[in-house]
Amino acid sequence: GAAELGPYRHYMQKEIFEQPRVIGDTLEGVTGVMPELFGDGAYAVFKKIDRVLILACGTSYYAGLTAKYWIESVAKVPVNVEIASEYRYRDSVPHPDTLVVTISQSGETADTLAALKHARSLGMTHTLTICNVSTSAMVRECQLAYITRAGVEVGVASTKAFTTQLAALFLLTLTLAQVNGRLTDAEEAEHLKMMRHLPVALSSVLALEPQVIAWAEEFARKENALFLGRGIHYPIALEGALKLKEISYIHAEAYPAGELKHGPLALVTEEMPVVTIAPNDALLEKLKSNMQEVRARGGQLYVFADVDSRITSGDGLHVIRLPEHYGLLSPILHVAALQLLAYHTALARGTDVDKPRNLAKSVTVE
Ligand code: G6P
């Protein structure tokens with residue numbers, strides 16, 4: 001009811017603003033990287049496996065894609081990420097030394113549960129879930145679990161469940177790195193410090209809301225949008241486009257920026273807003289030349305840059321600066337800005353934000 005919403009207009013908005021707290025809750029008690037945080041016997045399992053298979057649907061699948069970048073770069077363990085409804089029905093090549101990781105807010109998604117059982121039927125018995133509901137079927141079915149503490153998520157479009165999944169997956173990354181001897185004590189301390197600072201960093205991103213509202217008013221008049229990201233921010237571009245589709249009904253597509261020239265550039269006109277995630281990382285210079293390709297065709301760029309990315313607003317180029325560059329954890333900050341953009345665009349269009357047409361919070365049938 002209205003009392004529960006407090007100062008917020010919708011549950012989705014409330015849940016976006018709860019993120020600093022629930023990320024803190026999810027990482028509460030994590031005083032160091034310890035395999036047993038994932039359950040009894042986790043060390044032995046992590047020691048045995050030499051690859052990871054992530055299974056999930058929807059927003060949880062995008063959390064998995066982000067984790068692939070983290071795990072391969074930090075822990076050096078190969079990762080496959082599969083959409084559960086595809087994996088369960090295709091012929092794949094199983095390997096017994098695989099850690100099967102399911103990611104699910106509800107823990108009841110039929111396709112993800114079936115994909116897990118399929119993996120097990122192929123002889124893959126090492127299973128871990130990153131899940132928000134401790135009493136769910138998924139937690140019962142998996143050998144190991146890390147429970148995110150997002151709390152009840154009411155909005156159909158997932159927000160706080162996603163960022164808490166990312167926090168848990170980053171912890172998994174560090175744990176796999178440690179077990180494989182790829183994490184020095186100094187690195188561990190530095191990563192933990194960044195994780196502990198996440199709630200503060202995220203709050204300063206949420207404080208950008210007024211600037212995002214100004215963009216949303218322009219977005220509300222569009223029927224199409226492109227989202228660009230590179231590297232670890234490509235899954236975040238996918239999630240930003242999904243949020244916009246789900247609640248504003250604007251057709252949105254995400255591309256890794258380097259693919260622009262292989263197709264989507266044909267769609268770029270003055271009518272096309274192009275949302276670009278532009279953190280100050282190793283790919284920034286390449287991204288800038290992708291942005292130039294959009295500008296040359298009259299496309300309107302809406303860039304989420306970092307405090308120190310040297311990009312300045314100009315004709316056809318709008319910039320919102322995130323307060324700090326956050327290295328490996330940057331996706332958690334950038335996605336919050338995209339959640340706000342989708343939310344305020346939907347609000348301006350007057351859609352039913354918390355209950356978008358045709359969608360369900362949890363899909364427990366196939
Ligand atoms: C539905 C929800 C999405 C969610 C997906 C997977 O489609 O609307 O928000 O990402 O299911 O749900 P799960 O509970 O498994 O994360």
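Predicted model: local features only at pLDDT ≥ 70, side-chain atom pairs only at ≥ 80, totals over all residues.
Trainee: How are H2 and H13 oriented to each other?

Mentor: The axes of H2 (residues 11-26) and H13 come within 11 Å, and they cross at roughly 165 degrees. H2 passes H13 in a left-handed crossing. An angle over 145 degrees counts as roughly antiparallel. H2 and H13 are therefore roughly antiparallel.

Trainee: And how does H2 lie relative to H8?

Mentor: The axes of H2 and H8 are 9 Å apart, and the two helices pack at an angle of about 25 degrees. That angle makes H2, relative to H8, roughly parallel.

Trainee: Is the crossing of H2 and H8 left-handed or right-handed?

Mentor: H2 passes H13 in a left-handed crossing. The crossing of H2 and H8 is right-handed.

Trainee: Is H13 largely enclosed by the rest of the structure, or open, and how many of its residues are buried?

Mentor: H13 covers residues 330-349, 20 residues in total. A residue is buried if 20 or more other C-beta atoms lie within 10 Å of its own. H13 is largely enclosed by the rest of the structure, because the number of its 20 residues that are buried is 18.

Trainee: What distance does H13 reach from its first C-alpha to its last?

Mentor: At 1.5 Å a residue, the expected span of H13 is 28 Å. The model comes close to that value, and H13 reaches 29 Å.

Trainee: Which residue with a positive phi follows H13?

Mentor: H13 ends at residue 349. The phi of the residue that follows H13 is positive, near 75 degrees, and that residue is Gly350.

Trainee: How many residues of H8 are buried?

Mentor: H8 runs over residues 160-179 and reaches 29 Å, close to the expected 28 Å. Just after H8, Gly181 takes a positive phi of about 70 degrees. H8 is mostly covered, and of its 20 residues the number buried is 20.

Trainee: Which residue with a positive phi follows H11?

Mentor: H11 (residues 234-248) has 15 residues and reaches 21 Å, close to the 21 Å expected. Of those 15 residues, 14 are buried. The residue after H11 has a positive phi near 65 degrees, and it is Tyr249.

Trainee: Where is Asn358, and is it buried or exposed?

Mentor: Asn358 is in the segment after H13. Its phi is positive, about 70 degrees, although Asn358 is not a glycine. Asn358 has 5 C-beta neighbours inside 10 Å, so it counts as exposed.

Trainee: How far apart in space are the C-alpha atoms of Asp40 and Arg349?

Mentor: Asp40 is in the loop between H2 and helix H3 (42-48). Asp40 has 10 C-beta neighbours inside 10 Å, so Asp40 counts as exposed. In sequence, Asp40 and Arg349 are 309 residues apart, and in space their C-alpha atoms are apart by 49 Å.

Trainee: What distance separates the C-alpha atoms of Glu223 and Glu141?

Mentor: Glu223 is found in the loop between H10 and strand S6 (224-229). Glu223 is exposed, because 10 other C-beta atoms lie within 10 Å. Glu223 and Glu141 are 82 residues apart along the chain, and their C-alpha atoms are separated by 42 Å.

Trainee: Which helix gives the largest share of the shell around the ligand?

Mentor: There are 15 residues around the ligand, and Gly58, Thr59, Ser104, Ser106 and Thr109 come nearest. By type, the shell divides into four nonpolar, 10 polar and one charged. The largest share, three residues, comes from helix H4.

How values were computed
Residues numbered from 1 in each chain as written. Helix = DSSP H or I, 4+ residues; strand = E, 2+ residues; numbered from the N terminus. Expected span 1.5 Å × (residues − 1). Buried ≥ 20, exposed ≤ 12 C-beta atoms within 10 Å, placed from the backbone. Near = placed C-beta within 6 Å. Nonpolar A, V, L, I, M, F, W, Y, C, P; charged D, E, K, R; others polar. Axes fitted to C-alpha atoms, helices over the stretch in contact; angles between N-to-C directions. Parallel < 35°, antiparallel > 145°, perpendicular 65-115°, else oblique. Left-handed = near helix turned anticlockwise from the far one by under 90°.
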